[in-house]
2 protein chains.
Amino acid sequence: MTLRIVQAQLNFRVGDIAYNLQKHRDAIKKALELKADAILFSELSLTGYPPEDLLLRPEFIKETQHSLEELAKETPDIYCIVGHPLLIESWLYNACSVLLNGKIITQYQKQCLPNYGVFDEARYFSPGKSTCLFSLRDIPTSIIICEDLWKLEPSEKAKHKGAKLLLVPNASPFEINKHEKRFEIITKRAKKHKFSIIYVNQITGQDELVFDGGSMVVNAKGELCHLAKHCEEELSVIDIDVNGNISAQKTITPPQTLTRIYNVLTLGLRDYVQKNHFKSVIIGVSGGIDSALTLALAVDALGKENVYALVMPSRYTASISLEDAEILIKNLDVKSETLSIEPTYQAMLETLKTSFAHTKSDVTEENIQARIRGMLLMSLSNKFGSLVLTTGNRSEIAVGYCTLYGDMVGGYAVLKNIPKTLVYALSHYRNQISSVIPERILTRAPTAELAPNQTDQDVLPPYDILDAILEAYINQSKSSQEIIDKGFDAATVNRVIKMIKGSEYKRKQSAIGPHVDNKSFIKDWRYPVTNGYKG
Amino acid sequence: MTLRIVQAQLNFRVGDIAYNLQKHRDAIKKALELKADAILFSELSLTGYPPEDLLLRPEFIKETQHSLEELAKETPDIYCIVGHPLLIESWLYNACSVLLNGKIITQYQKQCLPNYGVFDEARYFSPGKSTCLFSLRDIPTSIIICEDLWKLEPSEKAKHKGAKLLLVPNASPFEINKHEKRFEIITKRAKKHKFSIIYVNQITGQDELVFDGGSMVVNAKGELCHLAKHCEEELSVIDIDVNGNISAQKTITPPQTLTRIYNVLTLGLRDYVQKNHFKSVIIGVSGGIDSALTLALAVDALGKENVYALVMPSRYTASISLEDAEILIKNLDVKSETLSIEPTYQAMLETLKTSFAHTKSDVTEENIQARIRGMLLMSLSNKFGSLVLTTGNRSEIAVGYCTLYGDMVGGYAVLKNIPKTLVYALSHYRNQISSVIPERILTRAPTAELAPNQTDQDVLPPYDILDAILEAYINQSKSSQEIIDKGFDAATVNRVIKMIKGSEYKRKQSAIGPHVDNKSFIKDWRYPVTNGYKG
């Protein structure tokens, strides 16, 4: 006899219990049609992940419990492994239940609660202490949840209890090289304990987090038996023999890094827009690379008919910027409009004339231009209901080379955690699929065009150097001395670090953007604004 | 023989280890002059509290460790109890050390780590397991840190080990009625275990948190022996007899609630401004109550010479608004300037004329006015270096009755967690000290003046009803049905809840403001923007 399990890699909605419940029902129905014995959903599948402070609302927990009971009652002869918060007395657990024939036959409570990086599970949950073992048809099966797999103890206890198959529901957000890390830990556990592991992840964009799927099955020899799609829903069918063995597959290759990042940005953007009930987005297009890539991503995520480009020239806008913006807009075939910021800029300067008498032109006037652009974007957004996408990249936001309430205006910042050097790489990647970003945008020196003959490098070190310093200081928590010891110029390093610390207040008011690597702004970067640290 | 302890209620600076080290030295010097045997500093006194992700930087931990060793070496014959992070192997603890005669004689590691509300200690620290007992001269003394006191076990273990005196360094942020809760738990523990407790808190404004001091001494009978000042530094001298007893004082009364809140807002504002190296602030004054109270608070916090008022009338500004603003500015004797938003507003409408053809005037035009005001404030701030204070209150921010990048512009939001009804109470309170806010501002119907004959109540329920619903939904996590069952109109309740959920994106981009009660925005309110919850 063979056992058939459906691995349900789905896109749930945080907080929308009724929607998620129906999604479970639909998947169970399909699993039955596929003659499956079991279906495995991802972590907290009934509430979506992460529900954050919704978990502190008693009514939310009650409604989830009620939906779980409803689903259990309906469940026919198929093992359904469903994720949900579980309240026992006054303790809340990150749990899952095994439903079968109208009943909850067993429950498991997550033992290891991540409370680092983007995770705050200790804020909400108590750690479970027990191992779960049940017979899935005839196979002794155990469940552990996500972080449990990364520690040795939970899978070891499952093995000791006699498990021949390990099911692992996850909500594992994308990071660069995360697939490799997941694969390594899964194979390590499978080989050590000599059981097959079915690892299921959700695919979802949820505010700052993007869950990229890539659900896996690894057999007791540590061989990859299945790799689900990246950033797409999938119900995978897994057949297991009486001893819990699964056949390996030979030709599985995960997508390349740039493909993964591009997929993740697309999914994150699409889900943010659609789950927040927007139909379209509006983007300020400058003729520079950040807005070009953002526009391309938006078209790929939402369709060209849902993307609107706004060009907002000033006295400092070079004609080549306007030409490149025009070519880009034509290539991507999106609607667009051009509104000059000059009349409003003139009116502002006139209003401030007396106040600014005897002062020199400085960053103030640059910011006013950026803020008028922000105001125009928001005006069209308010009037016609498109979400403003802000186009700033991680390098700029890290050093504060951006205007609060100006170019930082918007509901979602697609490139927020993409360093400028990676913006270039992703743009080249996108152009390989079809050439949409004009060549000159890729080769021209970056400029904010807020003053005559300005380039970014008037203020910033070259981006390859800047990004290397940022990576060392932010992602690797290196000290200034350690970075200087790597061979970077001391004055440059200290200036960059000062800029990082001096712009914390801007990041605190910045738009949400997708986490793509460790130390993303803001969930994984919780620095004080008021910060006297000299290092 | 009598033992003399100095309770050091001081204002430390997060991250500024050198400053904090010097502050310890100065206090120790004064304690020696006072012939003290010991000096007790607050929790994490060497780093300031909370250092947040600075704790994840290895160099920061090393520098703290180095400063601790330096301080220990210098310490003469006085017990100095100093708070600091402590790295043991790869585990970080929230610890304190007892320094004496050039050495660290003992260390204690906090056992209970708060990870709820505004606290994230499980993100950084491992829990300690051991009880600390040492002889302070001849008195067996134990130390526990902050949260340890709120759980029974740590103080019980200290008692079992033979402690006759309990020292408790704290970093306890202000909340309404927090003093009463602290006093209750201290007396409860003191009476139960029959030892004296010296409880020391810092006074500090640190981003969203304000630590209000109110350090206490309670003897073994549970009597209050000393209550340190509210929101002011103090080195208190505590004399203890050979048995660990301390004499009660009879005439200690803590300040009233409104006084406390006013003190906390003043301290929070002053510290935010000064620790971030600003000399002055600029405030948009409308003739309404929020900006009036903010202006008064700013003058009380920073001195009238450091406060600048900007009046920004439009076609919708009533003459009485301008009159009241003028009287207020005169009463508070601050510099001011008037800049009309009309020319810029005209220019914006002209720029958008074609785009907005065949559309009706709506909230878009209102937002443009608010955003021009924001832009003018930021322009003066950028040019002259004053920090913009934003004036919105909690009721508005909760329901999103405010303009992102408009009236929400600013670095610090003094009234962010003050409901509108409390804004009135605080304004009356301030006027009792000296009458600065014109009577008509206190009695007139609130209006945003962004459209003809507008009042807040065109869109919002009366503020007493709104604030009661917000308190129930936000602070008490009640469901809509529970709130309706209290007697509120169902349609109103549902509309308010919808507004709360629909404005999460605004709060995510809002300025920092002081936490004054539970569920303050944002540290204690971590809700998803993308939120499908129907409740």
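# Close-up views

**View 1. A:N177 has its place in the loop between strand 8 (165-169) and helix 5 (178-193) of chain A.** Helices (H or I, at least four residues) and strands (E, at least two) are DSSP runs here, numbered from the N terminus. A:N177 is not a glycine, yet its phi is positive, at about 70 degrees. Most residues other than glycine have a negative phi, and most peptide bonds are trans. A word on what you're looking at: this is a predicted model, with local features needing pLDDT of at least 70 and side-chain atom pairs counting only at pLDDT 80 or more, while totals for chains, interfaces and linings use all residues. Residues are numbered from 1 along each chain as its sequence is written, with chains lettered from A and ligands numbered from 1 in the order in which they are written.

**View 2. A cis peptide bond runs from A:F521 to A:I522, and another from B:F521 to B:I522.** In chain A, omega for this bond is near 5 degrees. A:I522 belongs to the segment after helix 17 (504-508) of chain A. Over in chain B, omega for the B:F521 to B:I522 bond is again near 5 degrees, and B:I522 is found in the segment after helix 17 of chain B.

**View 3. Six strands of chain B make an open sheet.** Read across, the order is 5-4-3-2-1-14, with mixed pairing; two strands pair if DSSP finds at least two bridges between them. Strand 5 (103-109) and strand 14 (234-240) of chain B each have a single partner strand, so each edge strand keeps one side without a neighbour in the sheet. From one strand to the next, the twist averages 35 degrees. Strands of a sheet pair through backbone hydrogen bonds, either parallel or antiparallel. One to pick out by eye: B:I5 has B:A38 of strand 2 of chain B as its bridge partner. Helix 2 of chain B packs on the sheet and touches strand 3 (79-88), strand 4 (91-100) and strand 5 of chain B. The direction of helix 2 of chain B makes about 150 degrees with that of strand 3 of chain B. (Axes are lines fitted to C-alpha atoms, for helices over the stretch in contact, and angles run from 0 to 180 degrees between N-to-C directions.)

**View 4. Helix 1 (residues 17-33) and helix 2 (residues 58-74) of chain A cross at roughly 20 degrees.** Their axes come within 10 Å. That angle makes helix 1 of chain A roughly parallel to helix 2 of chain A; angles under 35 degrees count as roughly parallel, over 145 as roughly antiparallel, 65 to 115 as roughly perpendicular and the rest as oblique. The crossing of helix 1 and helix 2 of chain A is right-handed (left-handed if the near helix is turned anticlockwise from the far one by less than a right angle, right-handed if clockwise). Helix 1 of chain A brings A:I17, A:L21 and A:H24 to the contact, and helix 2 of chain A brings A:E63, A:T64, A:S67 and A:L71. By class, this contact of helix 1 with helix 2 of chain A has three nonpolar, three polar and one charged residues. (Residues are in contact if their C-beta atoms, placed from the backbone, lie within 7 Å. Ala, Val, Leu, Ile, Met, Phe, Trp, Tyr, Cys and Pro count as nonpolar, Asp, Glu, Lys and Arg as charged, and the others, Gly among them, as polar.)

**View 5. Helix 9 and helix 10 of chain B pack at about 130 degrees.** Their axes are 10 Å apart. That makes helix 9 of chain B oblique to helix 10 of chain B, and the crossing is right-handed. Helix 9 of chain B puts in B:T344, B:Y345 and B:M348, meeting B:I368, B:Q369 and B:I372 of helix 10 of chain B. Four residues of this contact between helix 9 and helix 10 of chain B are nonpolar, two are polar and none is charged.

**View 6. Chain B meets chain A through 70 residues of chain B and 69 of chain A.** Helix 2 (58-74), helix 6 (257-275), helix 9 (342-351), helix 10 (363-384) and helix 17 (504-508) are the elements giving two or more residues to the chain B side. Helix 10 of chain B gives the most, with 13 residues. The side of chain B that touches chain A splits into 31 nonpolar, 23 polar and 16 charged residues.

Note on methods. Two residues are in contact if their C-beta atoms, placed from the backbone, lie within 7 Å.
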